[in-house]
Amino acid sequence: MADMQELTTEVLIVGGGPVGLALANELGMRGVRALLVEQHDRVGSQPRAKTTNVRTMEHMRRWGLAEKVRQASALPRGYPTDVFFLTRLYGHELAHFKNAFNGYSDRDERYSEHAQWIPQYVIESVLRDGVALRPSVDVRFGVRLDSLAQSETGVTAELTSLGDGATFKVKASYLVGADGARSTVRELIGAKLEGQHGLGSHYNTIIRVPEFGANPPRQRGIMYWLVNPESPAVMTPMDTDNTWTFGTTLKGDKNDLSPEEIRDRLYKSVGRPVDFDIVAVDRWSGHRLIADRYRDRRVFLAGDACHLHPPFGGFGMNMGIGDAVDLGWKLTAVLNGWGGSALLESYQSERRPVHLRVLEVSVQNYSVLSEHLVRDRIDSDDELGRKVRAELTAEIVKSKAQEFRSLGVVLGSHYSGSPIVIGDGTPPPPARVMEFEPSAHPGCLAPHMWLDESTSLYDRFDKGFTVLVTDPSAEAAGRRLLEAGKADGLPVSLLMPNMARLRELYGCSLALIRPDQHVAWRGDAVPEDPPAVVRRVCGFGAIREAAETAA
């Protein structure tokens with residue numbers, strides 16, 4: 001028998017969805033050799049995630065893909081990302097949320113990219129195109145992971161090519177399981193999902209309705225919550241012509257709908273009969289689950305493989321891409337010798353609190369669905385009906401606003417208290433869902449600023465670390481920190497934009513920015529021991545620091 005083929009790489013990524021592809025882009029941008037394998041073809045019409053949020057679009061900008069995302073969207077530039085609550089699609093309006101998910105294209109000082117409403121399968125296509133431009137990354141679809149074994153120096157995985165049944169081995173320094181809710185990697189390392197299963201059962205139908213192209217709802221938006229006693233539902237347009245999703249809840253032990261039942265529910269949600277074709281259906285259940293651990297030595301979990309929650313708020317795919325970014329720069333650092341063991345240990349300690357917070361918010365959003373908002377006489381055209389709708393409008397605004405205005409979660413989640421972040425003795429900003437106030441508190445996302453009409457401060461950050469000088473008088477101190485980093489082999493550069501507002505925005509004269517654009521340290525003068533600061537933020541050990549209040 002011939003010996004099994006053996007490949008070598010630095011990072012083996014299992015899973016070719018948005019999280020695995022994001023990690024491949026992050027590693028590829030940094031020149032790390034990676035092999036991505038995926039057993040499915042990942043081609044389909046199910047939109048799944050539709051919100052690519054502000055922070056994910058900023059990552060797309062770093063990867064050179066933001067404009068490609070906008071070009072790939074079936075919705076034109078300037079399409080209003082508004083959310084409507086209606087009794088029926090052609091019925092009475094109950095509430096209107098403008099600029100949902102911060103998707104308006106107006107320039108905002110707080111971020112460099114606005115959100116984009118676009119199906120997940122289109123995002124995956126853009127990410128695949130991006131990976132194709134990364135010479136250090138190889139992608140193979142139709143490949144299944146069968147087993148893995150670890151040693152002190154690496155991971156050996158056995159895989160099968162599903163096309164011809166051939167088996168082969170891959171030897172890698174690290175393996176990342178980005179293989180979704182039914183993760184094989186999670187099972188192989190013995191990690192367990194803990195929490196609540198089956199919070200609810202739902203049925204999404206992708207439909208084509210020619211009438212919606214010729215006679216769309218009176219106001220354009222990205223989501224229509226339809227509140228009525230016969231068929232409460234949520235409908236979303238996937239293009240400006242006639243392709244929509246129609247989402248409804250399944251009750252009791254019911255797990256499917258016949259075409260006739262779909263038609264009946266759709267007619268009642270729309271408010272009148274319409275001709276339509278069914279493109280695809282997708283059954284899904286809501287869960288609140290998180291893995292008991294994200295790592296076994298050289299194997300890591302990311303995305304749905306380690307956290308699952310209801311999709312209300314648009315966090316899921318975006319949170320997984322955030323995992324990929326966090327893990328990507330840390331793996332790069334360790335592989336290239338400028339990152340220590342504490343860097344990889346910090347992956348779970350930094351990301352898990354973010355996941356727990358998002359689980360809490362998304363479950364809270366999920367607690368109020370269309371059917372929970374139904375009231376008697378909600379459709380009536382008389383005075384009592386108008387009164388019922390007015391009262392319900394106030395309730396909707398109170399209970400649902402945070403679902404569509406969550407910048408406090410998207411940009412405000414931070415790593416204060418992380419073992420690789422150096423506190424400055426100040427408390428972290430309070431956790432908010434809707435409100436976001438930029439803060440340079442260590443662990444927070446570096447506050448954003450536009451340097452000119454098209455250049456973001458983030459565009460000037462290095463792929464490694466950046467010593468940001470916000471006050472020109474601190475240039476000498478900044479250079480001392482820069483030289484300490486370079487002497488330790490750290491990829492680091494100095495940035496001194498000389499913008500008057502920057503010192504006030506950051507609340508300090510100096511800030512050390514991590515490769516993921518979070519603040520690692522800040523101060524008004526050079527640290528007493530610059531090399532110790534560098535070692536700490538790169539995971540090589542602790543230093544004595546001011547007491548801080550951890551998040």
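1. Helix H2 (residues 54-62) packs against helix H8 with the axes 9 Å apart and an angle of about 45 degrees between them. H2 is therefore oblique to H8. From H2, the residues Thr56, His59 and Arg62 make the contact, and from H8 the residues Asn318, Ile321 and Val325. The crossing of H2 and H8 is left-handed. The model is a predicted one, and the points below should be read with that in mind.

2. Does the end-to-end distance of H8 agree or disagree with its residue count? H8 covers residues 316-335, and at 1.5 Å a residue its 20 residues should span 28 Å; the end C-alpha atoms are 28 Å apart, so the two agree. Of the 20 residues in H8, 18 are buried, and the helix is mostly covered. Glycine 337 follows H8 and has a positive phi, near 90 degrees.

3. In general, strands of a sheet pair through backbone hydrogen bonds, in either the parallel or the antiparallel sense.

4. Strand S4 (residues 83-86) is paired on two sides. With strand S5 (residues 93-97) the pairing is antiparallel, over 4 bridges, and a hairpin of 6 residues joins S4 to S5. Phenylalanine 84 has histidine 96 in S5 as its bridge partner. With strand S12 (residues 223-226), S4 runs parallel, again over 4 bridges; here valine 83 stands opposite methionine 223.

5. Are the faces of S4 covered or open? Both are covered: Val83 and Phe85 on one side, and Phe84 and Leu86 on the other, are all buried.

6. Isoleucine 290 stands opposite histidine 307 of S18.

7. Strand S8 (residues 143-150) and strand S9 (residues 155-161) run antiparallel and share 7 bridges, with 4 residues between them in the hairpin. Leucine 145 stands opposite leucine 159 in S9. S9 then pairs with strand S10 (residues 167-177), also in the antiparallel sense, over 6 bridges. Threonine 156 has lysine 171 of S10 as its bridge partner. The hairpin of S9 and S10 has 5 residues between the strands, and glycine 165 in the turn has a positive phi of about 80 degrees.

8. Arginine 432 is in the loop between helix H11 (407-410) and helix H12 (457-460). Which residues does arginine 432 contact, leaving aside neighbours within four places in sequence? They are Arg357, Gly408 and Val409. The C-alpha atoms of arginine 432 and leucine 407 are separated by 8.7 Å, although the two residues are 25 residues apart along the chain. The relative accessibility of arginine 432 is 39%, so the residue counts as partly exposed; the limits for that class are 20% and 50%.

Notes. Residues are numbered from 1 along each chain as its sequence is written. This is a predicted model: local features need pLDDT of at least 70, side-chain atom pairs count only at pLDDT 80 or more; totals for chains, interfaces and linings use all residues. Side-chain values use heavy atoms; hydrogens and water are left out. The expected span of a helix is 1.5 Å times one less than its number of residues. Buried means under 20% relative accessible area, exposed over 50%, partly exposed in between (1.4 Å probe, protein chains only). Two strands pair if DSSP finds at least two bridges between them. Contact means heavy atoms within 4.5 Å. Axes are lines fitted to C-alpha atoms, for helices over the stretch in contact, and angles run from 0 to 180 degrees between N-to-C directions. Angles under 35 degrees count as roughly parallel, over 145 as roughly antiparallel, 65 to 115 as roughly perpendicular and the rest as oblique. A crossing is left-handed if the near helix is turned anticlockwise from the far one by less than a right angle, and right-handed if clockwise.
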